[in-house]
Amino acid sequence: MIMNSGTIKGEAVRGPLGTVHSVLALLFAAYQLYYIRAIPYEPAIHGIVHLGFAMVVLLMGRLRESPHSKLVVGWLVCLLLAAVAVTAYFFVDYRTILANPSRPPTVALVFGVIAVIVAVILSRQSFGMTFPLLAAVGCLYVLYGRFLPGIWRAPAVSIQRAITLLAADVTSPWGLYGSLLGISANYLFLFILFGSTLHAFGGLRFVFQLGSLVAARVRSGAAAMAVISSALLGSITGSTVANVTITGSFTIPMMMKEGYTPEQAAAIETAASNGGQFLPPVMGATVFVMAAYTGIPYIDIARAALVPALLYFLAVFLYCELNAARNSITPTPANSRVNMRETAMDALLFITPLAVLAVLMLEGYSLMAVIFWATIAAVGGGLLSAAVRRKDRLDWAKVIDTLSQGVKSGAEISVLLAVIGIFVGALEVTGLTLDLSVVFGRLAGDSVFLLLVATVLISLILGTGVPTPAAYVIVATVLSPLLIRQGIPVLQAHLFPLFYAFIAHLTPPVGLGLLVACKIAGSNYWRSAVEVFKAAFVSVILPFCFIYAPGILLDYETPAVAIAEITASALLFFSLTVFSVNHWRTRLAPLERLALLAACLFSAGFIGLPRNDVWIALSALAGLVAVVSNQRRPVVAHFKREG
């Protein structure tokens with residue numbers, strides 16, 4: 001039915017098209033699982049089909065949205081047909097291109113350009129202009145970089161060769177159909193699908209119940225619930241924004257009801273949600289990208305991340321407890337209403353798929369097989385629970401909607417990584433990656449610290465307002481090799497920018513996770529940014545410990561060294577948290593804050609100096625002990641506090 005204004009009525013769009021979109025999303029998920037078990041053709045063809053499915057699902061999702069003008073609908077239909085045609089051509093004619101990949105037929109060049117156009121349009125609709133501009137810059141550099149001076153000069157490339165390198169050679173590790181798309185097709189999409197499946201079949205109920213159980217037993221109440229539930233959920237979803245949206249919708253109002261300011265509530269939820277991406281045993285989806293990108297086994301990355309993740313969440317929890325004491329907050333009685341029997345049964349729905357995932361990884365199964373069986377376990381557990389417990393009957397409409405949303409999120413990341421592949425491919429085929437490493441190396445000189453600071457700044461800038469996998473891939477391509485050449489091990493050289501790509505979701509001027517939390521809380525964005533810095537400032541310092549105190553990653557020569565470095569790091573984070581909140585048992589006096597600051601400096605000195613002197617560590621511990629002791633029984637008249 002057409003309205004007078006030339007707009008298609010919303011219900012008409014949402015009805016049958018909504019059904020078609022859901023069916024396509026489920027077919028996409030089923031295809032991905034089928035490929036793992038059957039592997040009917042080589043990975044390059046799988047990437048072609050994967051990107052085709054992703055583009056079709058996203059375009060059908062745009063069509064189901066209403067209202068649209070007839071012109072927009074016509075444009076979306078044209079893009080949809082183009083996506084189908086491109087995928088069909090590359091799938092059918094793959095062998096022809098494989099026979100001579102450096103000189104594909106003209107029709108392949110045409111379809112390559114069409115594929116780039118469709119992917120760029122979809123990435124713009126999902127994530128704005130950042131990555132279309134990066135892709136455009138990459139293409140222009142390949143074509144016209146030969147006119148630039150000095151180290152910026154690129155080899156001369158014809159337009160046919162540029163299209164081949166960046167779009168039409170579906171066998172190349174670079175470009176639209178390159179290795180980044182392969183990471184999505186073989187790992188990242190499957191992980192996102194696993195998270196949405198766990199959610200759809202009830203596996204996340206335990207997360208919220210556990211949060212409520214903990215909240216009833218600590219002073220910080222709803223804030224502790226936010227930390228626990230957001231940490232576990234964030235480990236599954238790998239998305240700060242999705243995590244804040246799911247858990248923040250009830251934890252933020254609860255925190256504000258208990259007495260936290262809107263800014264504190266938004267900060268706590270954002271900090272906890274963001275940290276889930278680094279929490280083993282599952283961790284966020286970006287870590288799967290790192291595992292595929294570096295060749296480091298996922299289990300090794302998870303082992304290295306264990307202690308840093310625990311220190312991060314202990315610091316966030318301490319921030320919650322100190323603010324609860326400072327604001328005289330009493331948890332609401334509702335937090336204690338948890339049915340222990342139901343919680344124990346729901347725990348099986350959550351723990352079983354994760355146990356399957358962990359055991360199979362330890363047994364050496366491929367990552368694709370591990371995620372496949374973990375997903376099957378999540379579905380099986382949900383169906384069994386629904387059959388045994390009548391109250392858990394599945395609402396299939398909600399199940400399908402949750403799965404469809406997960407597939408849509410995975411499709412958006414797939415298209416995004418394909419577009420980034422154009423930019424990264426341009427850097428690689430022109431040799432600019434090596435040249436940029438030389439530039440940054442000259443700027444930093446022989447100082448590893450200056451190079452690390454440059455990596456921090458670039459990671460935060462690139463991570464502003466974009467998905468973490470995208471920010472990590474670009475920084476890892478440009479700067480991680482230079483860190484490795486400076487003698488930093490591969491694991492630390494990639495974990496360092498990865499962690500700053502995580503925290504870009506917290507930092508102004510964008511900070512998408514914080515923006516969503518502020519909207520829920522109705523808080524001032526900039527005041528919330530100050531609070532989230534207090535709550536999650538550990539994330540700013542923690543990556544430097546990866547380099548200067550590798551014992552924190554359980555990489556050590558002797559256990560004593562690891563224990564010393566972990567203890568010094570914990571002491572530093574503890575002291576800084578108390579210092580930033582300005583409260584322990586009571587408000588801190590000026591001399592107490594000064595003592596804490598000294599403890600922080602001595603801890604940092606123990607970590608950063610080449611020689612870890614014991615007297616430095618003892619000085620740090622003495623400063624902290626002095627503050628804690630004086631808070632219990634003040635002995636200095638000058639320590640009289642206000643209020």
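This is a predicted model: local features need pLDDT of at least 70, side-chain atom pairs count only at pLDDT 80 or more; totals for chains, interfaces and linings use all residues.
Which hand does the crossing of H2 and H17 have, left or right? Figure 1 takes that up, after a quick look at the whole chain.

Overview. Buried residues account for 55% of the 643 residues in the chain. Take the contacts between residues at least 6 apart in sequence: 75% of them join residues at least 24 apart.

**Figure 1. Helix H2 meets helix H17.** Here's the answer to the opening question: the crossing of H2 and H17 is left-handed. The axes of H2 (residues 16-38) and H17 (residues 367-388) come within 10 Å and cross at roughly 125°. On the H2 side, look for Leu33, Tyr35, Ile36 and Arg37; on the H17 side, their partners are Met368, Ala369, Phe372 and Trp373. Sorted by class, this contact has seven nonpolar residues, no polar ones and one charged.

**Figure 2. Helix H9 alongside helix H18.** Now move to H9 (residues 179-200) and H18 (residues 396-430), whose axes come within 9 Å and cross at roughly 160°. Anything over 145 degrees counts as roughly antiparallel, which is why H9 gets that label relative to H18. The crossing of these two helices, H9 and H18, is right-handed. Their contact draws on 16 nonpolar and ten polar residues, with no charged ones.

**Figure 3. Inside the largest nonpolar core.** This core has 199 residues, and those with the most contacts inside it are Phe90, Tyr177, Ile420 and Leu495. Helix H15 (residues 298-326) supplies the largest share, 17 residues. In soluble globular proteins, nonpolar side chains tend to be buried together. Zoom in on Ile420 and, setting aside neighbours within four places in sequence, you'll find Phe131, Leu180, Ala470, Val473 and Ile474 in contact with it.

**Figure 4. Glutamine 492, a residue of helix H23.** Is this glutamine buried or exposed? Glutamine 492 has 5% relative accessibility, and the cut-off for buried is under 20%, so glutamine 492 counts as buried. Its helix, H23, covers residues 490-503. Leaving out residues up to four places away in sequence, glutamine 492 touches Pro497, Phe546, Ile547, Pro550, Leu553 and Asp555.

Note on methods
Residues are numbered from 1 along each chain as its sequence is written. Side-chain values use heavy atoms; hydrogens and water are left out. A nonpolar core is a set of buried Ala, Val, Leu, Ile, Met, Phe, Trp, Tyr and Cys residues joined through side-chain atoms within 4.5 Å. Buried means under 20% relative accessible area, exposed over 50%, partly exposed in between (1.4 Å probe, protein chains only). Helices (H or I, at least four residues) and strands (E, at least two) are DSSP runs, numbered from the N terminus. Contact means heavy atoms within 4.5 Å. Axes are lines fitted to C-alpha atoms, for helices over the stretch in contact, and angles run from 0 to 180 degrees between N-to-C directions. Angles under 35 degrees count as roughly parallel, over 145 as roughly antiparallel, 65 to 115 as roughly perpendicular and the rest as oblique. A crossing is left-handed if the near helix is turned anticlockwise from the far one by less than a right angle, and right-handed if clockwise. Ala, Val, Leu, Ile, Met, Phe, Trp, Tyr, Cys and Pro count as nonpolar, Asp, Glu, Lys and Arg as charged, and the others, Gly among them, as polar.
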